[in-house]
Amino acid sequence: MFKTIGIVGVGLIGGSFAKSAKKLGLCEKIIGIDINPDYLQTAKNLGLIDEFGALETMVTLCDFIIVAIPVNATRAVLPKILNLCTNQI
């Protein structure tokens with residue numbers, strides 16, 4: 001059980017993970033981020049995520065982060081996530 005799960009990319013894969021995490025009671029809260037604001041609002045409206053915000057904020061609040069974005073986008077985003085995590089230690 002995690003207090004807060006963060007999902008980077010709330011499209012089909014990220015949204016499916018969020019739905020399953022909620023159904024299984026894996027966390028108290030899910031925070032989503034995505035470059036598409038429509039995806040974020042849809043995910044919130046469907047109850048898949050509880051809130052959304054900036055990557056910097058999400059990393060500081062989450063116990064577990066799922067990266068559900070295209071591989072080519074991961075090359076840019078993953079180093080940012082790792083850097084933010086390292087700064088918290």
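Q: Which exposed residues sit on the face of α1 turned away from its buried side?
A: This is a predicted model, numbered from 1 along each chain as its sequence is written, where local features need pLDDT of at least 70, side-chain atom pairs count only at pLDDT 80 or more, and totals for chains, interfaces and linings use all residues. Side-chain values use heavy atoms, with hydrogens and water left out. Helices (H or I, at least four residues) and strands (E, at least two) are DSSP runs numbered from the N terminus, while buried means under 20% relative accessible area, exposed over 50% and partly exposed in between (1.4 Å probe, protein chains only). The face of α1 turned away from its buried side carries the exposed residues Leu12, Ile13, Lys19, Lys23 and Leu24.

Q: Within what arc do the buried residues of α1 fall, seen down its axis?
A: The buried residues of this helix are Gly14, Gly15, Ala18 and Ala21. Seen down the axis, they line one face of α1, because the arc (taken from the directions from the helix axis to the C-beta atoms) that holds them is 125 degrees.

Q: How far does helix α1 reach from its first C-alpha to its last?
A: Helix α1 covers residues 12-24, which makes 13 residues. The expected span is 1.5 Å times one less than the number of residues, and for α1 that gives 18 Å. The model comes close to this, with a reach of 18 Å.

Q: Which residues does Gly15 touch, not counting residues up to four places away in sequence?
A: Gly15 has its place in helix α1 and is buried, with a relative accessible area of 9%. Its C-alpha is separated by 11 Å from that of Ile30, 15 residues apart along the chain. Counting contact as heavy atoms within 4.5 Å, Gly15 touches Val10 and Leu48.

Q: Is Thr4 buried or exposed?
A: Let's look at strand β1 (residues 2-8), where Thr4 is found. Leaving aside its neighbours within four places in sequence, Thr4 is in contact with Lys29, Ile31, Leu61, Cys62, Asp63 and Phe64. Its relative accessible area is 4%, so Thr4 is buried.

Q: Which strands stand at the edges of the sheet?
A: Two strands pair if DSSP finds at least two bridges between them. The open sheet has four strands with parallel pairing, in the order β3-β2-β1-β4. The edge strands each have a single partner strand, so one side of each is left without a neighbour in the sheet, and these are β3 (51-52) and β4 (64-67).

Q: What is the bridge partner of Ile5 in β2?
A: Strand β2 is largely enclosed by the rest of the structure, because five of its seven residues are buried. It runs parallel to β1, and six bridges join them. Within that pairing, the partner of Ile5 is Ile30.
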